[in-house]
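Morning, everyone. I have one chain to walk through, and I will keep it short. Please look at the screen.

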Amino acid sequence: MSIVVNVKDLKKEFKISKRQRKIQQCRTNIALNGLSFEVNKGEIYALLGTNGAGKTTTLRILSTLLKPDDGKCYIDGVNVSEEPDKIRSKIGFLTSELKLDGFFTPNYLYDFFSDLYGVKSELRIVRKKELFNTLGIDKFAEVKVSNLSTGMKQPIAISLVHDPDIIIYDEPTNGLDIVSSKMVIDYLKELKTNGKTIIISTHIFEVVEKVADRVGIVINGKLEYEDSISRIKKEKSLEDVFFEVYYSKEGEH
């Protein structure tokens, strides 16, 4: 297998506000503390961890939204920090925190982002029909975003207008009901079938077990465990593995 994403010894700290300093007695928060992992072409790789473990920070660095304090990331051999424009053309970044303007419709937003990415009109029409049908958006294409359900507000279609080969998805089922969650999980599987390379972050064991080929457990900004889901399932549940690793590492602090 060829390695598509290579993350080497990432480090990132954030300054803490004066109010937080009174509680935490420190000036910075260490989000990443030497995190490293690799993702193979055509696989779904999951970063699993608690809130604040460093998962989202990692994905934001991969997506060029943040720069690391130290360490390097490569996507298709391109240094993420040094050539962010090249990276943005290769990836689709999705997050439940991305809020779409409620005044516009999915139809308008899809066309707007297609223009930004320079997607040709003929291809745009084909891609829009395919995505809207798959994600159930076709019936709501002309409904304002403010009137859509949480599931329909997911910016999946808009983030994939340029048909990227690498998809980075932060907390894919966060805040979704069971129907919308299944839709997202099924679509991730379909994307993998179509040869896409996918990285997700989540704190939900079931999501990892359903979609991921491999999982990396992140604790306090470090990758502390990594294995294939198939190998884990032969011996125990992912939940059991996680808590074994979690309590062993937390005991060191």
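I will go from the whole chain to a sheet, then a helix, then a single residue.

Keep in mind that this is a predicted model. The chain has ten helices and ten strands. Of its 253 residues, 47% are buried. The accessible surface is about 13,400 Å². Carbon and sulfur atoms account for 49% of that surface. Now the contacts. Take those between residues at least 6 apart in sequence: 68% of them join residues at least 24 apart.

Next, the sheet. Four strands make up an open sheet, and the order is β2-β1-β4-β5. The pairing is antiparallel. Which strands stand at the edges? They are β2, residues 28-40, and β5, residues 78-79. Each has a single partner strand, so one side of each is left without a neighbour in the sheet. Strand β1 covers residues 3-15. Ten bridges join β1 to β2, and the two run antiparallel. As a reminder, strands of a sheet pair through backbone hydrogen bonds.

Now to helix α5, residues 121-135. It has 15 residues. From first C-alpha to last it reaches 21 Å, close to the 21 Å expected at 1.5 Å a residue. Which residues of α5 are buried? They are R124, R127, K128, L131, F132 and L135. Those residues cover an arc of only 120° around the axis, which puts them on the same side of α5. What does the buried side pack against? The buried residues of α5 pack against α4 (106-116), α6 (156-159) and α7 (178-193). The face turned away carries exposed residues: E122, I125, V126 and K129. Just after α5 comes G136, with a positive phi of about 75°.

Last stop, T202. It lies in strand β8, residues 197-202. Is T202 buried or exposed? T202 is buried, because its relative accessible area is 0%, and the cut-off for buried is under 20%. The side chain of T202 reaches the backbone nitrogen of I204 at 3.0 Å. Now leave aside neighbours within four places in sequence. T202 is then in contact with L47, L48, G49, K55, E171, V207 and V208.

That is the tour. Questions, please.

Terms used
Residues numbered from 1 in each chain as written. Predicted model: local features only at pLDDT ≥ 70, side-chain atom pairs only at ≥ 80, totals over all residues. Heavy atoms only, no water. Buried < 20%, exposed > 50% of the residue type's maximum accessible area, 1.4 Å probe, protein only. Contact = heavy atoms within 4.5 Å. Areas by Shrake-Rupley, 256 points an atom, 1.4 Å probe, with all protein chains shown as cover. Polar contact = N/O pair within 3.5 Å; in protein donor to acceptor, adjacent residues only side chain to side chain. Pairing = 2+ DSSP bridges. Expected span 1.5 Å × (residues − 1). Arc of directions from axis to C-beta.
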